[in-house]
Amino acid sequence: MNDYSFNPAPTRRVAIIGGNRIPFARSNTVYAHDSNQDLLVAALQGLVDRYNLHGQRLGEFAAGAVIKHSRDFNLARESLLSTTLSAQTPAYDLQQACGTGLEAALLVANKIALGQIDEGIAGGADTTSDAPIGLNEALRHTLLAANRAKAMGDKVKALLKVRPSMFFKPLLPRNGEPRTGLSMGEHCEEMAKRWQIKRLAQDELTLSSHQRLDAAYQRGFFDDLISPYRGLARDNNLRADTSLEKLASLSPAYDRQNGTLTAGNSTPLTDGASVVLLASEAWAAEHGWPVLAYLRTGETAAVNFVDGSEGLLMAPAYAVPRMLKREGLGFADFDFFEIHEAFAAPGALHAQGLGRRRLLSRTAGAGRTAGHHRPRQDERQRWLPGLRASLRRHRGPAIGSVGQGDPRAWRRARPDFDLRGGRAGHYRHRRKVALSKTTTRKLP
């Protein structure tokens, strides 16, 4: 037998070419009758139109959603087949709570870096308006027993166990963590108390986020990032006319007596979808698309929030410093930080540690304004091209982090700017607190 030596090709840089999303809408409003697939198709087709990808066979399309119907088992592939991309483009689903979208981007990027594919799209969608409602367990087991029975008499015998009351006890979706029974908001309230995050700081950051998002729309920041859908051209959670007085008048939402999180400084559930186009430098040059940033690396962390030793939203505090250490970088190497989370409390914690001038979310709004989806695959894809656009306009090193489980690193196309982005993670994958907590703890 001949000796065989496999010498893999050197890794390639992964270029962020651009992205597209539909406006995020409060649940049970504009997109109330749209499915995950409807939303994802709209975002994906918008990207295809913008970059003239009609009929092209791409390397792959990776996408996902957290709240899915059984019909969504092949969401990415079915969505792709409803667009004008070539049907020969492979597609697959994945799910990692709020980190789903960035994990999809990292998987696609890794294949590009290894030379397995030259280009790919990552994305995701989520809707709580079209949430799945299941049968209760008693009725489900009864119907399964009838299905397993061979003889007609046995089937009838099994079905005789069905009771009218079973039809009025549906299995509704839950917004709580299975291990603790607490919602993300309740966990965040605990975090805010533990780190002594003041209500005023949260409301001030919320106000700034709404004002900056409105200003971003006014100056055309999202013109090449959004495709209007269902008559909606901008996120309908945006409240440009809000004020500190209005925010201060709201009652606490999770701890009625001593809480600081309200409906104002917490994001509502939203529906939406977004995608991002990644490619090798050679593919970008061949198709005439400029490279504005590079996706460099990523890190995912998990924390044990179940026993209370760590907060649900704190995994970024571990993921971001690990990523920076591996890259030989520190926080002082960055001029801008992009953070994303569903609540103002973690953002306020970031601001205390990093300095307000360094938060890119203050230039174009943040998740609590545009909307956070629970896993929000799609919001993470909003974040990648959005960070790219911010760098294009602000020209400086930057790191991006979201309150989930893993940092992502970028590098600006210009050689004199080095940018790495971060997405930090936790057991349920939140990406932003990492930077706050990391800074608070003075980790390297």
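Colleague: Which residues of helix 1 are buried?

Modeller: This is a predicted model, and what follows is computed from it. The buried residues of helix 1 are Asn36, Leu39, Leu40, Val41, Ala42, Ala43, Leu44, Gln45, Gly46, Leu47 and Val48. Helix 1 is thus mostly covered, with 11 of its 15 residues buried.

Colleague: What covers those buried residues of helix 1?

Modeller: The cover includes strand 1 (14–21), strand 3 (61–64), helix 2 (75–81), strand 5 (119–126) and strand 6 (270–280).

Colleague: How far does helix 1 reach from its first C-alpha to its last?

Modeller: Helix 1 reaches 21 Å over its 15 residues, close to the 21 Å expected at 1.5 Å a residue.

Colleague: And what follows helix 1?

Modeller: Asn52 follows helix 1, and its phi is positive, near 50°. Most residues other than glycine have a negative phi.

Colleague: Which loop holds Asn28, and what is its phi?

Modeller: Asn28 is in the loop between strand 2 (25–26) and helix 1 (36–50). Its phi is positive, about 65°, although Asn28 is not a glycine.

Colleague: Is Asn28 buried or exposed?

Modeller: Asn28 is exposed, because its relative accessible area is 58% and the cut-off for exposed is over 50%.

Colleague: What about Gln196, where is that?

Modeller: Gln196 sits in the loop between helix 6 (184–194) and helix 7 (199–218). Its phi is near 55°, again a positive value in a residue other than glycine. Gln196 counts as exposed, at 64% relative accessibility.

Colleague: Changing topic: how do helix 4 and helix 5 pack?

Modeller: Helix 4 (residues 137–148) and helix 5 (residues 152–159) pack at an angle of about 175°, and their axes are 8 Å apart. The two helices are therefore roughly antiparallel to each other.

Colleague: Which residues meet there, between helix 4 and helix 5?

Modeller: From helix 4, Thr142, Leu143, Ala145, Ala146 and Asn147 meet Lys155, Ala158 and Leu159 of helix 5.

Colleague: Now Glu299. Is it buried or exposed?

Modeller: Glu299 is buried, with a relative accessible area of 16%. It lies in the loop between strand 7 (293–298) and helix 10 (316–327).

Colleague: Which side chains does the Glu299 side chain make polar contacts with?

Modeller: The side chain of Glu299 makes a polar contact with that of Arg322 at 2.9 Å. Another polar contact joins the Glu299 side chain to the side chain of Arg326, at 2.5 Å.

Colleague: And Arg12, where is its place?

Modeller: Arg12 is in the segment before strand 1, and it is partly exposed, with a relative accessible area of 27%.

Colleague: What is Arg12 in contact with?

Modeller: Apart from neighbours within four places in sequence, Arg12 is in contact with Ile112, Ala113, Gly115, Ile117, Asp118 and Ser280. A polar atom of the Arg12 side chain lies 3.0 Å from the backbone oxygen of Ile112. The Arg12 side chain also reaches the backbone oxygen of Ile117, at 2.7 Å.

Colleague: Last topic: how many disulfides does the structure hold?

Modeller: The structure holds 0 disulfides. As for cysteines, Cys98 is buried, with a relative accessible area of 0%, and Cys188 is buried with a value of 0%.

Note on methods:
Residues are numbered from 1 along each chain as its sequence is written. This is a predicted model: local features need pLDDT of at least 70, side-chain atom pairs count only at pLDDT 80 or more; totals for chains, interfaces and linings use all residues. Side-chain values use heavy atoms; hydrogens and water are left out. Helices (H or I, at least four residues) and strands (E, at least two) are DSSP runs, numbered from the N terminus. Buried means under 20% relative accessible area, exposed over 50%, partly exposed in between (1.4 Å probe, protein chains only). A polar contact is a pair of N or O atoms within 3.5 Å; within protein, one must be able to donate a hydrogen and the other to accept it, and residues adjacent in sequence count only if both atoms are side-chain atoms. A disulfide is a pair of cysteine sulfur atoms within 2.5 Å. The expected span of a helix is 1.5 Å times one less than its number of residues. Contact means heavy atoms within 4.5 Å. Axes are lines fitted to C-alpha atoms, for helices over the stretch in contact, and angles run from 0 to 180 degrees between N-to-C directions. Angles under 35 degrees count as roughly parallel, over 145 as roughly antiparallel, 65 to 115 as roughly perpendicular and the rest as oblique.
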